[in-house]
Every structure is written in structure tokens, then in C-alpha cells.
Amino acid sequence: MADVIIRQAVPEDAEDIFEIEQICFPDPWSLDSIRYELEENPRAFYVVAIHNSKVVGYAGLWWVVDEGHITNVAVRPGYRNRKIGESIIRALIEHTTGEGILHHTLEVRRSNEPAINLYEKFGFEVEGVRKGYYRFGDEDALIMWRHEETK
């Protein structure tokens with residue numbers, strides 16, 4: 001989607017991110033948590049996708065030494081299947097790899113095949129399972145990792 005802009009999230013994006021959280025997840029983060037991530041957490045890095053001045057997707061990451069733990073990736077319904085999620089993840093990985101992150105990890109619902117397929121496009125592989133990780137639906141999480149090749 002050529003008219004989507006990916007940029008670093010700013011505190012003014014908190015309410016839009018919160019709205020997407022509520023739509024996309026059965027156990028959404030609170031608005032206060034999102035504000036903390038954008039305003040105070042020195043280890044957090046978030047990007048948003050903007051279409052016609054509206055936040056239509058986002059992704060967040062926690063920076064821990066040379067690892068990036070991707071916390072959430074979400075795209076508003078109606079904007080899915082337009083490669084927005086792919087653009088968000090690409091921007092997140094490119095920026096953080098450029099800043100020294102060598103390993104990216106995330107958890108994903110075992111049943112979320114579209115997300116798993118997307119992460120695999122970026123070199124993520126399943127390296128473990130967290131049993132009963134998702135309290136809504138009591139579903140296991142696949143732990144996926146992507147390791148930057150160092151030359």
C-alpha cells in the first residue's frame with residue numbers, strides 16, 4: 001500500500017494504539033501502559049503505520065542488551081492483507097538491527113497461522129513453546145526467534 005507511512009510512534013499516538021489494542025486483542029494493554037511505553041520506558045521502541053492521517057497499525061519492542069522482544073503487532077481490521085503488517089515489521093527490524101539488536105524474539109498464538117507465516121518471511125523460527133501463555137483461550141504461545149547473521 002503505497003500511501004501508508006511508517007514512522008516512530010510518539011506519545012500523541014497512544015489513544016490510537018489503545019483503540020487498535022481493544023479491537024485486536026482479547027486482553028488489551030491499558031491506555032496507561034501504552035502511555036508509559038511511549039513516554040517513559042527507555043527500553044521501548046514503537047512504530048506506527050499511518051494512512052490518511054490515521055494510525056492503522058503498530059508494533060512495539062523492548063530493547064534488552066542486543067535482543068529485541070517484540071511485544072505486540074496489530075493492524076486494524078479493514079486494513080489487513082495490504083502488507084501493512086509486513087511494512088511495520090520490516091521497519092521495526094531494520095531500525096533496531098541498525099542500532100545493534102542482533103536477535104529478535106516474540107510470542108505468537110499457536111493458532112495464528114497468518115502471523116506465524118508473516119514472521120517466517122523475516123527469518124523467525126520456532127524455538128520453544130510457552131504452555132497456556134494466553135490466559136484468554138488458554139492457548140500455548142510459540143516462541144519465535146530471528147538471529148541476525150554477523151559477518
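So, helix 1 passes helix 2 in a right-handed crossing, and keep in mind that this is a predicted model. The contact draws on Ala14, Glu15, Ile17, Phe18 and Glu21 from helix 1, and on Leu31, Ile34, Arg35 and Leu38 from helix 2. Sort those by class and you get six nonpolar residues, three charged ones and no polar ones.

Now the geometry. Helix 1 covers residues 14–24 and helix 2 covers residues 31–39; the axes sit 9 Å apart, at an angle of about 130°. Angles over 145 would count as roughly antiparallel, and 65 to 115 as roughly perpendicular, so these two helices come out as oblique to each other.

Okay, on to the cores. The largest nonpolar core has 27 residues, and Ile84, Val108, Tyr119 and Phe124 are the ones with the most contacts inside it. Who supplies at least two residues each? That would be strands 2, 3, 4, 5 and 7, plus helices 3 and 4. Helix 3 gives the most, with five residues. Apart from that core there's another one, of 14 residues, and Ile17, Leu31 and Leu38 are among them, as is Ala44.

Last stop, Arg76. Is Arg76 buried or exposed? Its relative accessibility is 5%, and the cut-off for buried is under 20%, so Arg76 counts as buried. You'll find Arg76 in the loop between strand 4 and helix 3. Leaving aside neighbours within four places in sequence, Arg76 is in contact with Asp16, Glu19, Ile20 and Ile23, and also with Lys54, Val55 and Val56.

Notes
Residues are numbered from 1 along each chain as its sequence is written. This is a predicted model: local features need pLDDT of at least 70, side-chain atom pairs count only at pLDDT 80 or more; totals for chains, interfaces and linings use all residues. Side-chain values use heavy atoms; hydrogens and water are left out. Helices (H or I, at least four residues) and strands (E, at least two) are DSSP runs, numbered from the N terminus. Buried means under 20% relative accessible area, exposed over 50%, partly exposed in between (1.4 Å probe, protein chains only). Contact means heavy atoms within 4.5 Å. Axes are lines fitted to C-alpha atoms, for helices over the stretch in contact, and angles run from 0 to 180 degrees between N-to-C directions. Angles under 35 degrees count as roughly parallel, over 145 as roughly antiparallel, 65 to 115 as roughly perpendicular and the rest as oblique. A crossing is left-handed if the near helix is turned anticlockwise from the far one by less than a right angle, and right-handed if clockwise. Ala, Val, Leu, Ile, Met, Phe, Trp, Tyr, Cys and Pro count as nonpolar, Asp, Glu, Lys and Arg as charged, and the others, Gly among them, as polar. A nonpolar core is a set of buried Ala, Val, Leu, Ile, Met, Phe, Trp, Tyr and Cys residues joined through side-chain atoms within 4.5 Å.
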